[in-house]
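Dear colleague,

I am handing over the structure below. Please look through it first, and then read the notes that follow.

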Amino acid sequence: SRATVEQYAARLTRYALVLSGDPERAKDVVQDTFAKLCGANRESVNTHVAQWLFTVCRNQAMDLRRKEKR
């Protein structure tokens, strides 16, 4: 939801920036994270939204880093 994006976007972007080292890459990672949230099962995420978002964000950043090394 829009409220979730507003609540977590800035913190996720800072986190993704630390992980990726690049502001544009960080924005892409956060955008992908919220896109995954849209497709996620709400019932399984609702009780731990922050944990879910930061875990997915980290995984997205690491996946991107691995792809770029190839």
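Ala16 sits in helix α1, which covers residues 2–20. Helices here are DSSP runs of H or I with at least four residues, numbered from the N terminus. The model is a predicted one, in which local features need pLDDT of at least 70 and side-chain atom pairs count only at pLDDT 80 or more, while totals for chains, interfaces and linings use all residues. Residues are numbered from 1 along each chain as its sequence is written, and side-chain values use heavy atoms, with hydrogens and water left out.

Ala16 is buried, at a relative accessible area of 0%. Buried means under 20% relative accessible area, exposed means over 50%, and partly exposed is in between, with a 1.4 Å probe and protein chains only. Apart from neighbours within four places in sequence, Ala16 is in contact with Gly21, Ala26, Val29, Val30 and Cys57; contact means heavy atoms within 4.5 Å. Ala16 and Gln60 are 44 residues apart in sequence, and their C-alpha atoms are 8.9 Å apart in space.

Ser20 is also in helix α1. Ser20 has a relative accessible area of 13% and is therefore buried. The side chain of Ser20 reaches the backbone oxygen of Asp22 at 3.2 Å. This falls under polar contacts, meaning a pair of N or O atoms within 3.5 Å; within protein, one must be able to donate a hydrogen and the other to accept it, and residues adjacent in sequence count only if both atoms are side-chain atoms. Not counting residues up to four places away in sequence, Ser20 touches Arg25, Ala26 and Arg65.

How the helices pack

Two packed helices are described by the angle between their axes and the distance between the axes. Axes are lines fitted to C-alpha atoms, for helices over the stretch in contact, and angles run from 0 to 180 degrees between N-to-C directions.

The axes of α1 and helix α2 (residues 23–39) come within 8 Å and cross at roughly 135°. The two helices α1 and α2 are therefore oblique to each other. Angles under 35 degrees count as roughly parallel, over 145 as roughly antiparallel, 65 to 115 as roughly perpendicular, and the rest as oblique. The crossing of α1 and α2 is right-handed; a crossing is right-handed if the near helix is turned clockwise from the far one by less than a right angle, and left-handed if anticlockwise. On the α1 side, the residues making the contact include Tyr8, Leu12, Ala16 and Ser20, and on the α2 side they include Ala26, Val29, Val30 and Thr33. By class, this contact of α1 with α2 has 12 nonpolar, 4 polar and 1 charged residues. Ala, Val, Leu, Ile, Met, Phe, Trp, Tyr, Cys and Pro count as nonpolar, Asp, Glu, Lys and Arg as charged, and the others, Gly among them, as polar.

The axes of α1 and helix α4 (residues 49–69) come within 10 Å and cross at roughly 35°. This crossing of α1 and α4 is right-handed. Residues of α1 in the contact include Leu12, Ala16 and Ser20, and those of α4 include Leu53, Cys57 and Arg65. The contact of α1 with α4 divides into 12 nonpolar, 2 polar and 3 charged residues.

The axes of α2 and α4 come within 9 Å and cross at roughly 130°, and α2 and α4 are therefore oblique to each other. The crossing of α2 and α4 is right-handed. Among the residues that meet are Val29, Thr33 and Lys36 in α2, and Trp52, Val56 and Gln60 in α4. The contact of α2 with α4 has 9 nonpolar, 2 polar and 4 charged residues.

Thr33 belongs to helix α2 and is buried, with a relative accessible area of 0%. The side chain of Thr33 reaches the backbone oxygen of Val29 at 2.8 Å. Leaving aside neighbours within four places in sequence, Thr33 is in contact with Leu12, Trp52, Leu53, Val56, Cys57 and Gln60.

Val56 is in helix α4 and counts as buried, at 13% relative accessibility. Beyond residues up to four places away in sequence, Val56 touches Thr33 and Lys36. Val56 and Leu12 are 44 residues apart in sequence and 10 Å apart in space, C-alpha to C-alpha.

A loop residue

Asn46 is in the loop between α3 (42–45) and α4. At 53% relative accessibility, Asn46 counts as exposed. Asn46 and Ala61 are 15 residues apart along the chain, and their C-alpha atoms are separated by 23 Å.

Regards
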